[in-house]
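Please look through the structure shown below with its charged side chains in mind.

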Amino acid sequence: MPSKISRETFIQSIVDLLRKAETELPEDVVDALRKAETAEENDVAKSQLQTILKNIEIAKKHGVPMCQDTGIMIFFAEIGSEFQPGFDIEAAIQEAVILATAKIPLRPNAVDPLSRKNSGNNTGAGIPDIHWKLVPGKHLKITVAPKGAGSENMSSLRMFNPTEIGNIKNFVLETVVNAGGMPCPPLTIGVGIGGSFDAAARLAKEALLEPLDTQMDVLEKEILEAVNALGIGCMGLGGSTTALSVHVKTAYCHTASLPVAVNIQCWANRHASIVFGGEE
Ligand code: SF4
């Protein structure tokens, strides 16, 4: 996409991006689910994985959301210091979410946290949730990751004592055990270690965007093996694949703290990106 873009074209591109995220899983996620189905020996889990794969195929073919919980809209925006949009990007994203909710359509999920009043259009104070990163360059990269409540509700965060590094793996396992079948496994597990209370949670969510075919390090492999040994399995019905992948992101933290966040993602690991500008 060229960097000189009208507000209308930008809004339409974001509506299209939302449609893609809701109706098509990234190929690396589909591949991981296919591999899990091939390897699965538990008949019930195998048939669940086949149903999930069929569901993904139908959603893509007919351009309909792959799950009834179309999530709340989380955006990651990477903006080049030389990118000049000429309009209010946040307001345009908000307008795109309202349009997408009506057009795709998406379930209106956004409510006031206390009155529980639904805005009816997936927007409201703080929603869509947009995270900005300023980088060198002339481009704007927008990633949307619609997040369902079933998996988000089973995530957790703990402020550890710095001497408890050895307990991190158990904390992830405890989170997965407590979640059981609620977050619709097979999961992708994002772990954020370090930063501050909120930065750890952000790292964990960003970790969910890592391609599933990324080579895992020793800690990630250890956690994945331990999680899959739990036998929770696809949709909590047993089997060998409770999680497809584990990704850990770290940041420096205060010498007196060790924040650890575990963000759980269901099989519907939805995200899509678009880049504007950057070619001049
Ligand atoms: S956890 Fe995921 S797959 Fe399950 S209902 Fe929620 S969005 Fe859908």
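A salt bridge is taken here as a side-chain nitrogen of Lys or Arg lying within 4 Å of a carboxyl oxygen of Asp or Glu. In this predicted model, Lys54 and Glu57 form such a pair, their closest N and O atoms being 3.7 Å apart. Both residues belong to helix α3, which covers residues 43–62, and they are three residues apart, about one turn of the helix. Lys54 is partly exposed at 45% relative accessibility, and Glu57 is likewise partly exposed, at 48%.

A search of the whole structure finds 13 salt bridges, and among them is the one between Glu222 and Lys169, with 3.6 Å between the closest N and O atoms. Because Glu222 lies in helix α8 (residues 218–228) and Lys169 in helix α6 (residues 168–179), this pair ties together parts that are 53 residues apart in sequence. Glu222 has a relative accessibility of 38% and counts as partly exposed, as does Lys169 at 29%.

The side chains of Lys46 and Glu37 also meet in a salt bridge, at 3.7 Å from N to O; here Lys46 is partly exposed, with a relative accessible area of 24%, whereas Glu37 is buried, at 15%. Elsewhere, Glu27, Asp31 and Arg34 are linked in a network of salt bridges.

Leaving aside neighbours within four places in sequence, Asp129 is in contact with Met73, Ile74, Phe75 and Arg202.

Key: Residues numbered from 1 in each chain as written. Predicted model: local features only at pLDDT ≥ 70, side-chain atom pairs only at ≥ 80, totals over all residues. Heavy atoms only, no water. Contact = heavy atoms within 4.5 Å. Buried < 20%, exposed > 50% of the residue type's maximum accessible area, 1.4 Å probe, protein only. Helix = DSSP H or I, 4+ residues; strand = E, 2+ residues; numbered from the N terminus.
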